[in-house]
Amino acid sequence: MNPFTYERAADGAAAIRLVSDNRQAKYLGGGTNLVDLMREQVERPKLLVDVTALSREIEAREDGSVLIGAGATNTAVAADRTVRERFPLLSRAILAGASGQIRNMATVAGNILQRTRCTYFYDEAARCNKREPGAGCDAIDGVNRIHAILGASPSCVATHPSDMCVALAALDAVVHVQGPGGDRTVKLVDLHRLPGGRPDIETVLDAQDLITGVELPALGFAWRATYRKVRDRASYAFALVSVAAMVDVQGGTIRDVRLALGGVAHKPWRAWKAEEALRGRLATRESFAQAAEAELADAAGLRDNAFKIELAKRCIVATLGDLIGETA
Amino acid sequence: MTSIQDAAQSLLKTAIGLVPARWLPGGSPDPLMQKHGLIGAPVSRLDGALKVRGKARFAAEVPMQGLTYAALLHSTVARGRIVALDISAAEAAPGVVFVMTYRNAPRMASPALMNTKPKAAGTSNLPVMQDAEIHWNGEPVAVLLADTQEQADHAVTLIRVTYETAPAITDFDAAKGSTRVPANILGEPPSIERGNAEATLVQAAFQVDCTYATPAHNHNAIELHAATLAWEGDKLILHDATQMVNNVAWTLSQIFGIKEEQVHVRSPYVGGGFGGKSLWNHQILAAAASRVSGRPVRIMLPREGVFRSVGGRTMTEQRVALGARSDGKLTALIHTGTAAMTPHNECPEQFSFPARHLYAAENIMIAQRVADMNIVANTFMRAPGESIGTFALECAMDELAEAMQIDPIELRRRNEPAKDPTSGNEFSSRHLTEAYGRGAEQFGWEKRSATPGARRDGEWLIGMGMATATYPYYRMPGGAARIRLTADGRATVSTAAHEMGMGTATVQTQHIAERLGLAMDQVVFEHGDTALPPGSMAGGSSQTASIAAAIIAAHDAFKAALLKLVGNDSPLAGLKPDAVEARDGGLCSSEEPDKHETYVSILRRAGREELVAEASAPPPLEAQEFSMHSYGAQFCEVRVSEITGEVRVSRFLGSFDCGRILNAKTAASQFRGGIIMGLGLALMEETHRDPRTGRIMNPSLAEYHVPVHMDVPKIDVIWTDIPDPHSPLGAHGIGEIGITGVGAAVANAVYNATGKRIRKLPISLDKLL
């Protein structure tokens, strides 16, 4: 690990000032990903600005929405009574990830900004456009079982590893950001980028932008939701494919649906095409299968990961089937 | 059994007037063989409290004055040479004491390969940091010493190395196109032919002929490979994490050109060995850097360092072909295949061993080959060969049972041999059919549907499978033990053996107490130190029998020495060593137990403060006289998602026949641990090596999957507990048998659940979609 300085910010403005003054500064949440990457020499910040104490509250609002402070731990969010009552999907997704010890440390903002688990990204001996723009990508023709099947580019086939973000994408979560020029909001689904030619640029945020919270808009009562995660062992493994699904079915017809996939792309993948194919249709396995086909139509497999295409389709169909079975 | 042992034994066998050991025909039986007291009792591990309190001191925890901390830099190419090396930034970094590369490393002899010399511990015979050549991706190219571990870890990243690469063989699929026959397989012939199996196969009423593939695995003991060491003049003091203190000492002495006595190795506690804790580059490099720098060194490989510089289980491709008559009797058994190896080691992964001994086939063909690759030297890893050999053989048996529409256990019963099918030797103790029967009954095997895919619970398909487990009985030659009795009637028994968490020290304490007629708290078992009488390496599930034989020999000498002290006033006067046994803190006549005198009384009357007796174990002739193996039957129930292909093991039972069980508690843990490791082998464990570069891409426990708690169901273990009359204490090794057969039991259960045969490990969900 390279030597670095550690500062604890008094408030958001102070944190932004510290990071603005030092081009090699990074915000520090629980450190469960950033510190690992520093040990691996992938991240080499000169200054860490600890922002975990700035915003830890989970605010249950009267309109049915919830505002979660960026520094709230994954464990705190998953265990929060309001979150469990209003957005059990989020609790389930968080608890499907990592381990108890890691969730105790990891923060909401840190989870959103965590970096890929691509093993070539982690290995300094490999070429990686994410670590070193223009260097090339050794994963595309390498060991790529865990890599992307949607939205990848010739520059990068990495995936975003979060479970929590897949639920946030389905929940239409809004990320609150404080920047040098003031506060703004970004929809979670718009926050992460696809790799394109610059996989090193992973979000629409600037280096000084500080995530202060995540807002979960109120839901109607008709929604049924669940999270299904498929992985190589029963716990403590990243998703090969995961599905966050919410449906509103009335009289056998899908009035509304929200669907997001994890483990398949450089960002939490909102399945817009599948949603469009399902809205207004009869809730049948045939509809689900057609929607899954529509969503995965552009999917492309690599040496080791083509199975994810079929797996994702099956998971979409099964997850919707389970949800609608519950409402029937 | 090694070639060295073979040679030593054939010499000794011809020795004139050799008295047979008490477990051999003609020897006088060991009274403890059948005795039920401390032996067999479920005694908790004596080191347990120390370990949970953090008081057991492991190799990386030994304090030393002026200690430096080492970090290794690993090559990033598989083959080639170093053409430029810049260590200036590293040398200038804070806290750096010394940087060693091939340019300034001391001249060292290459390590002697394990099994080529009696005390060799080398895992590769490549020179260690002696030139610019690179032999595998991950080979250490620099060792850096600093005042703190953090300084060393940082500074080592500042070293810049430029390589000129050479063509390398790093893809097993390509390598297996060019194979060779190894000189031997752990001293056994690489191929065996009995009759004409190929010709019989094609005429058989029923036949299966399948190819199975198994991946590379890496060692991941909880305790990382570590050593703390210092030179005192020309003497090396090494606190190591090793399963072979004497071998490490001898091999290091050869490397550094000093006498064996000048290397003192201590290793009282090891946090898991599994075959991986022998002599690798890190101990050699740390000792070399310490010698040049004049500073004590601690080296603890990070997890990635273990992946890069310590080998593991190698890749194999195996063919098993079985031919059977309509009555189920095997007419042909063929087990052939190729294991990946390197030109610099001798570890051909004995996957064909089970097929040499398990079934009564009329025609047998065994043939093993190796494919050389430019990778880190592979090594022994819990049941090397047998774990993956039983995967192929026992899956094929299941496939044959399916083809014949008979029960898989019944097929095995019909092929139970009367004698060893390849050596022709009598079995010393084989109660495998009893293990099948008891296991089947307790597991509820009769509930298995013969038709695949017949049971389900929602999306989960449920199936049952079984497989035979087998592992050879080994006893290592050359072990000695010393018994020291003191005037207070307490005894210490010493041998340079190893406690790696299995319960060795506890079991031998039980043994010693029973043998000496003392209470457990009156005896101490001393181990893990080359200052003690030479011990046996902890490998090949051999240590318990090896130590027991040495202790029995020492005890014979002890009784003789004690009887010489008794004088005419003792109730024991005039008795010969064979006519006395230990009881109630002393000796008594075997014929007339009332003739008894305590140790305290004997020593007091003789005016002695202590009595010391030491002896070496007799050579392991029993393994040449008999076909000796541990056996078992593994039973598995799985649930397989019809949607995702995820496999969850819902029940498991191991039914073992391993001679006498010496401690019911530690044995159960050994069996369970082996089974859990087997579940990993079956379902998830795999080293991902990039075939283009030979680089391991998942060198961490986040990406290299072993079972977590949620992957492990309740595991029942039962055993026959029938003593083998031809082994010390009637015991067989139990450390490795647990993992054997598990891969096949799971694969056969997956077939029973889904109707899909997965012949390539691990059985990951993509193979079942």
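Tutor: Let's start with helices: helices (H or I, at least four residues) and strands (E, at least two) are DSSP runs, numbered from the N terminus. The expected span of a helix is 1.5 Å times one less than its number of residues. This is a predicted model, in which local features need pLDDT of at least 70, side-chain atom pairs count only at pLDDT 80 or more, and totals for chains, interfaces and linings use all residues. Residues are numbered from 1 along each chain as its sequence is written, while chains are lettered from A and ligands numbered from 1 in the order in which they are written.

Student: What span should helix α14 of chain B have?

Tutor: Helix α14 of chain B covers residues 504-516, and its 13 residues should span 18 Å at 1.5 Å a residue; the end C-alpha atoms are 18 Å apart, which agrees.

Student: Is α14(B) mostly covered or uncovered?

Tutor: First the rule: a residue is buried if 20 or more other C-beta atoms, placed from the backbone, lie within 10 Å of its own, exposed if 12 or fewer, and partly exposed in between. For α14(B), 13 of its 13 residues are buried, so the helix is mostly covered.

Student: Where is B:Phe443, and which residues is it in contact with?

Tutor: B:Phe443 is in helix α13 (residues 432-443) of chain B. B:Phe443 counts as buried because it has 24 C-beta neighbours inside 10 Å. Two residues are in contact if their C-beta atoms, placed from the backbone, lie within 7 Å. Leaving aside neighbours within four places in sequence, B:Phe443 is in contact with B:Phe635 and B:Leu653. By contrast, B:Phe443 and B:Met64 are 53 Å apart, C-alpha to C-alpha, and 379 residues apart in sequence.

Student: Which residues other than glycine have a positive phi?

Tutor: Among them are B:Leu186, with phi near 50 degrees, and B:Gln405, with phi near 60 degrees. B:Leu186 sits in the loop between α5 (172-175) and β7 (191-194) of chain B, and it counts as buried, with 23 C-beta neighbours inside 10 Å. B:Gln405 lies in the loop between α11 (386-404) and α12 (408-414) of chain B, and it is exposed, with 8 other C-beta atoms within 10 Å.

Student: How many helices and strands are there in chain A?

Tutor: Chain A has 13 helices and twelve strands. Its radius of gyration is 19 Å, close to the 20 Å that the globule rule gives for 328 residues, so chain A is as compact as a globular protein of that length. That radius is taken over C-alpha atoms, and the globule rule is 2.2 Å times the number of residues to the power 0.38. Of the 328 residues of chain A, 55% count as buried.

Student: How many residues does the contact between the chains take from each?

Tutor: It takes 26 residues from chain B and 21 residues from chain A. On the side of chain B that touches chain A, the largest share, three residues, comes from helix α4 (residues 149-156) of chain B. By class, that side of chain B has eight nonpolar, eight polar and ten charged residues. Here Ala, Val, Leu, Ile, Met, Phe, Trp, Tyr, Cys and Pro count as nonpolar, Asp, Glu, Lys and Arg as charged, and the others, Gly among them, as polar.
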